[in-house]
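Colleague: I have some questions about the labels on this model. Please set each value against its cut-off.

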Amino acid sequence: MSIQAPPRLLELAGQSLLRDQALTVSAVEELPRVLYLPLFMEAFSRRHLKALTVMVQAWPFTHLPLGSLMKMLHLETLKALLEGLHMVLTQEDRPRRWKLEVLDLRDVDENFWAVWPGAWALPCSPEATSKRQTAEDCPSTGEHQPLKVFIDVCLKEIPQDECLRYLFRWVYQRRGSVHLCCSKLVNYLTPIKYLRKSLKIIHLNSIQELEIRNMSWPHLIRKLRCYLKEMKNLRKLIFSRCHHYTSDSDLEGRLVAKFSSVFLRLEHLQLLKIKLVTFFSGHLEQLIRRLQNPLENLELTCGYLLEEDVKCLSQYPSLGYLKHLNLSYVPLSRISLEPLGALLEKVAATLETLILEGCQIHYSQLSDILPSLSRCFQLTTFYFGRNFMSMDALKDLLRHTSGLSKLSLETYPAPWESLNSLVRVDWEIFTPLRAELMRTLRKVRQPRRIFIGPAPCPSCGSSPSEELEFHLCC
C-alpha cells in the first residue's frame, strides 16, 4: 500500500490564498516570486478567472509561456488573461512588478514550467534548464514597448477555433501596443480571404515557415505575392496540392515571373517544397535563378518537369549545397538523366537524403547518375522504389553504393523479371531474386535498413520507414 506524499507548504499556501480571491487581489503585488508560478498554475487549472486577471497585471517575469497549457485553455480563461493585459497596456504608469514582454502561445515542451527557475517541480538536467531560460535576466527593452504575442497558426476549419478568433480580434484592436508574431503558419483553407485576414494582423517578418495547401496558383500569386515579399525571415516555404486552371502558356509564364520575383527578398530561405509542380513545368529556371540563399532542402514532387527544368537545377549556385533532394513521383522516363547526374555531382559533398521514388526511371537511364551517386558519401537515406529495373540493373546500382557507408535507410523496387503480366510481383520468382540481391550487396558493404519490393507490402502492409529493419516477411 503506497502512502501519498503530504502537500508541500508552498502548495498549501497557494491553495489557501486562492480560496480568498479578495486576499489574492491585495497580496499579488507582494507575492514572493517562488510562489508566483505554482499559484498561477493552480489558478489556471481551477479557472479562478479573477485571480488570473490580477496576476497577469503584476507578472514579474519577461515571458508568460502558455503553449504547453493550450489544451486546458478555455475561451473564458483567455478572456480573463487578455483583460488583465489590456488594463496594463492602457495605463500610463504600469505596475511596479510588471515585466512582461512576451506572451508565448506556441506549443512547447510540457515540462517548460517545471524546469523554469523558481518553479516547484522535480529537478532537471542543466542542459534542459539552459535551453529554457527565461528572459528575466535579459536587458529590458524599455517601457511601453509593444507586447509580443507568439503563436503558431493552423487555419483548418471555418469557423476557426474560437480562442484563435478572439485572440486575433484582441490583437487587431490593439495593433499599436501588441505585435502578433507567428513563426509557423499553415493554411488548409481554399477561400483565400481567411488567410489574407490573418496576414494583415501577423507581423510578416516573424513568419519563418509558411505552408499553403489546396489553392490555385493564379489566385495565390495575385492575392498573396505582396505578403510573401515581406516575409524576409522565411526559412521554409511549402506549397502542397496547389493547382492551376489556365491553358494560356503566356499568362502562366507571366504569373511565374511575378511569383519568382518574391525570391529576391527571401534571403534566409532554406527549404522549398512544391507538390504538384506542373505549374512550373518549363518555367523552373525563372524561380531557381532568383533564389538568394543556398537551399538545404528542395522538394519538387507529384508533377511534370521538362529536361530543361532538370538541367537548370545544376546551373545555379543556390543549389550547390543541398542536403535533401526529393523528386518523388516526377516522371523522368522520357528525358535524359544527365542533368540530374550533374546535379548529384555538384552536391555530392553535402547530400544526405535523395528520394527518387516513383520517377518511372528505367534501367537504361541508370548510367547517367550512377557515377555521381557513388560519390555521395554523406548520403544516409536513398529512396528508389517504384522504378522499372532489371535484375542486372539493380545489381549494378547496389554495387555503386559500396562507398556509401553512412546509408541507414534505402529502398529499391522488385526487378522486372519478378513481375507478372499484370505488373504485379510473382512472389515465387521474387523471393530468390531478392536473396540474390542481398548477397550482391553484402559483398560490397553491410546494409542497415533496407526494403526491396513493392510498397506497401501486400503480405504484411509494411512500408519503408525509419523504424524498418530488414523487410524479409514476404
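Modeller: Start with helix H9. Its buried residues are covered by elements that include strand S4 (153-155), helix H8 (162-173), strand S5 (178-181), strand S6 (184-187), strand S7 (209-213) and helix H10 (217-228). The structure is a predicted model.

Colleague: Which residues of H9 are buried?

Modeller: In H9, residues 192-201, they are Ile192, Leu195, Ser198, Leu199 and Ile201. The label requires under 20% relative accessible area.

Colleague: How much of the whole protein is buried?

Modeller: Of its 474 residues, 51% count as buried. The protein has 17 helices and 15 strands. Among contacts between residues at least 6 apart in sequence, 79% join residues at least 24 apart.

Colleague: Why is Glu410 called buried?

Modeller: Its relative accessibility is 0%. The cut-off is under 20%. Therefore Glu410 counts as buried. Glu410 is placed in strand S14, residues 409-412.

Colleague: What does Glu410 touch, leaving out residues up to four places away in sequence?

Modeller: Glu410 touches Phe382, Arg445, Pro447, Arg449, Ile450 and Phe451.

Colleague: What makes the pair of Glu410 and Tyr412 a polar contact?

Modeller: The two side chains are 2.6 Å apart in that contact.

Colleague: Why does Asp104 count as buried?

Modeller: Asp104 has 8% relative accessibility. Buried means under 20%, so the label holds. Asp104 lies in strand S2, residues 102-104. Its side chain makes a polar contact with the side chain of Arg106, at 2.8 Å.

Colleague: Which residues are in contact with Asp104, neighbours within four places aside?

Modeller: Leu64, Pro65, Leu66, Gly67 and Phe150. Take Pro65: Asp104 is 39 residues from Pro65 in sequence, yet their C-alpha atoms are 4.6 Å apart.

Colleague: Why is Arg47 called partly exposed?

Modeller: Its relative accessibility is 39%. Buried is under 20% and exposed is over 50%, so Arg47 falls in between. Arg47 sits in the loop between helix H3 (33-46) and H4.

Colleague: What is the phi of Arg47?

Modeller: Near 55 degrees, a positive value in a residue other than glycine. Arg386 also has a positive phi, near 60 degrees.

Colleague: Why does Arg386 count as partly exposed?

Modeller: Arg386 is at 44%. Arg386 is found in the loop between strand S13 (381-383) and helix H16 (391-399).

Colleague: How do the axes of H4 and H5 meet?

Modeller: The axes of H4 (residues 49-57) and H5 (residues 75-89) come within 8 Å and cross at roughly 35 degrees. The crossing is right-handed. H4 contributes Leu49, Leu52, Thr53, Val56 and Gln57 to the contact. From H5 come residues including Ala80, Leu81, Gly84, Leu85 and Val88. By class, the contact has 8 nonpolar, 4 polar and 2 charged residues.

Colleague: Where does the pLDDT stay under 50?

Modeller: Residues 117-142 are one such stretch, with 31 contacts in the model beyond four places in sequence. Residues 465-474 are also below 50; that stretch has 32 contacts beyond near neighbours in sequence. For the protein, the mean pLDDT is 83, and 80% of residues reach 70 or more.

Terms used:
Residues numbered from 1 in each chain as written. Heavy atoms only, no water. Axes fitted to C-alpha atoms, helices over the stretch in contact; angles between N-to-C directions. Helix = DSSP H or I, 4+ residues; strand = E, 2+ residues; numbered from the N terminus. Left-handed = near helix turned anticlockwise from the far one by under 90°. Contact = heavy atoms within 4.5 Å. Nonpolar A, V, L, I, M, F, W, Y, C, P; charged D, E, K, R; others polar. Buried < 20%, exposed > 50% of the residue type's maximum accessible area, 1.4 Å probe, protein only. Polar contact = N/O pair within 3.5 Å; in protein donor to acceptor, adjacent residues only side chain to side chain. pLDDT = per-residue confidence, 0-100.
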